[in-house]
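The sequence and structure come first.

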Amino acid sequence: MKIKAAPSILSGDFSKMGEEAARMERAGADMIHCDVMDGIFVPNLTFGPKMVADIKKCVTVPLDVHLMIVKPENYIENFIKSGAEYLSFHIEATDKAKDNLLFVKNAGVKAGLAICPETPIERVYEYLEICDFVVIMGVHPGFSGQKYISGTTERITALKKEINSRGLNVEIELDGGATESNIGEIISAGSTINVSGSCAFNSPNPESVIAKFQGKR
Ligand code: DX5
Ligand code: ZN
């Protein structure tokens with residue numbers, strides 16, 4: 001499985017999102033992570049489907065849309081129409097996880113289930129057969145630049161073991177708190193999609209950060 005770097009536009013300059021996404025693509029990003037927040041599921045607000053559609057016009061790499069919103073089923077179709085190629089929502093935000101995953105998959109989009117740090121990782125196990133990826137949060141969702149919560153790597157390891165024991169092909173995405181210092185252990189534990197917000201955007205050398213998030217150096 002290719003190890004992919006997914007810079008999060010949340011750490012970009014919101015007055016020039018397209019340029020920021022293109023800058024990360026030029027630096028080697030495999031996809032652009034788009035954080036959608038509703039001010040209810042998380043204590044912050046970002047943007048909706050139009051921003052995703054407009055960013056889409058500025059890059060050729062896939063968009064990885066991470067919905068941190070309540071009742072994601074109300075908006076999933078809009079984000080698919082906006083061009084999301086990977087689409088995840090939170091298991092804590094809906095009682096329709098199964099229907100939502102199937103809806104996303106049937107639209108030909110990679111379906112992901114995201115999980116907050118305090119939610120037992122076993123909660124996603126019953127959905128693994130119908131997931132393309134699981135997003136393990138390394139921070140409490142809402143903001144970039146937070147410290148990696150200890151114990152997250154162990155959650156990646158446990159999930160990876162469960163996926164392997166069932167012979168499944170589910171990818172693990174680590175989102176939040178990844179740095180050049182801890183990305184090695186995150187990749188070793190089994191994460192193949194590595195989000196970097198502050199780390200890539202605040203670096204004078206995003207190429208080097210992205211290469212590390214791809215497990216290259
Ligand atoms: C947090 C977001 C993350 C965030 C990651 O709610 O879902 O995607 O942008 O930022 P860093 O890598 O700075 O923790
Ligand atoms: Zn995210």
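## Residue K71 and its loop

K71 is partly exposed, with a relative accessible area of 49%; here buried means under 20% relative accessible area, exposed over 50%, and partly exposed in between (1.4 Å probe, protein chains only). K71 sits in the loop that runs between β3 (63–68) and α3 (76–81). Helices (H or I, at least four residues) and strands (E, at least two) are DSSP runs, numbered from the N terminus. The phi of K71 is positive, about 45°, although K71 is not a glycine. Most residues other than glycine have a negative phi.

The model is predicted, so local features need pLDDT of at least 70 and side-chain atom pairs count only at pLDDT 80 or more, while totals for chains, interfaces and linings use all residues. Residues are numbered from 1 along each chain as its sequence is written, chains are lettered from A and ligands numbered from 1 in the order in which they are written, and side-chain values use heavy atoms, with hydrogens and water left out.

## The zinc ion

Which residues coordinate the zinc ion (ligand 2)? The donors come from H33 (NE2), D35 (OD), H66 (ND1) and D175 (OD), at 2.0 to 2.2 Å. Donors are N, O and S atoms within 2.8 Å of the metal (3.2 Å for Na, K and Ca), and water is not among the atoms, so sites may look incomplete. The spacing of the donor residues along the sequence is H-x1-D-x30-H-x108-D. D35 belongs to strand β2 (residues 32–37) and D175 to strand β7 (residues 171–175), so this pair ties together parts that are 140 residues apart in sequence. Both D35 and D175 are buried.

The arrangement around the zinc ion (ligand 2) is octahedral because its 6 donor atoms subtend angles of 71 to 173°. Under the criterion used, four donors count as tetrahedral if all angles lie between 85 and 135 degrees; four count as square planar and six as octahedral if opposite donors are over 155 degrees apart and all others between 65 and 115; anything else is irregular. Ideal angles for six octahedral donors are 90 or 180 degrees.

## Ligand 1

Ligand 1 is surrounded by 20 residues, the closest being D35, G142, G145, D175 and S198; a residue is near a molecule if one of its heavy atoms lies within 4 Å of it.

| Residue | Protein atom | Distance to an oxygen atom of ligand 1 |
|---|---|---|
| D35 | polar side-chain atom | 2.8 Å |
| G142 | backbone N or O atom | 2.7 Å |
| G197 | backbone N or O atom | 2.8 Å |

On its own, ligand 1 has 380 Å² of accessible area, and the protein covers 99% of this. Accessible areas come from the Shrake-Rupley method with a 1.4 Å probe; for residues, only the protein chains shown count as cover.

G145 is found in the loop between β6 (133–137) and α5 (152–165). G145 is exposed, at a relative accessible area of 58%.

## Helix α8 and strand β8

Of the 8 residues of helix α8 (residues 206–213), 6 are buried, so the helix is largely enclosed by the rest of the structure. The buried residues are P206, S208, V209, I210, A211 and F213. They pack against β1 (4–7), α1 (17–26), α6 (183–189), β8 (193–196) and α7 (198–201), where contact means heavy atoms within 4.5 Å. Just after α8, G215 has a positive phi of about 75°.

S196, in strand β8, is buried at 3% relative accessibility. Not counting residues up to four places away in sequence, S196 touches A6, P7, S8, V209 and F213.

## Two buried loop residues

I9 lies in the loop between β1 and α1 and counts as buried at 0% relative accessibility. Beyond its neighbours within four places in sequence, I9 has contacts that include F14, M17, H33, F47 and F201.

T94 is placed in the loop between β4 (86–90) and α4 (97–106) and is buried, with a relative accessible area of 15%. The side chains of T94 and E73 are joined by a polar contact of 2.8 Å. The T94 side chain also reaches the backbone nitrogen of K96 at 2.8 Å.

Notes: Polar contact = N/O pair within 3.5 Å; in protein donor to acceptor, adjacent residues only side chain to side chain.
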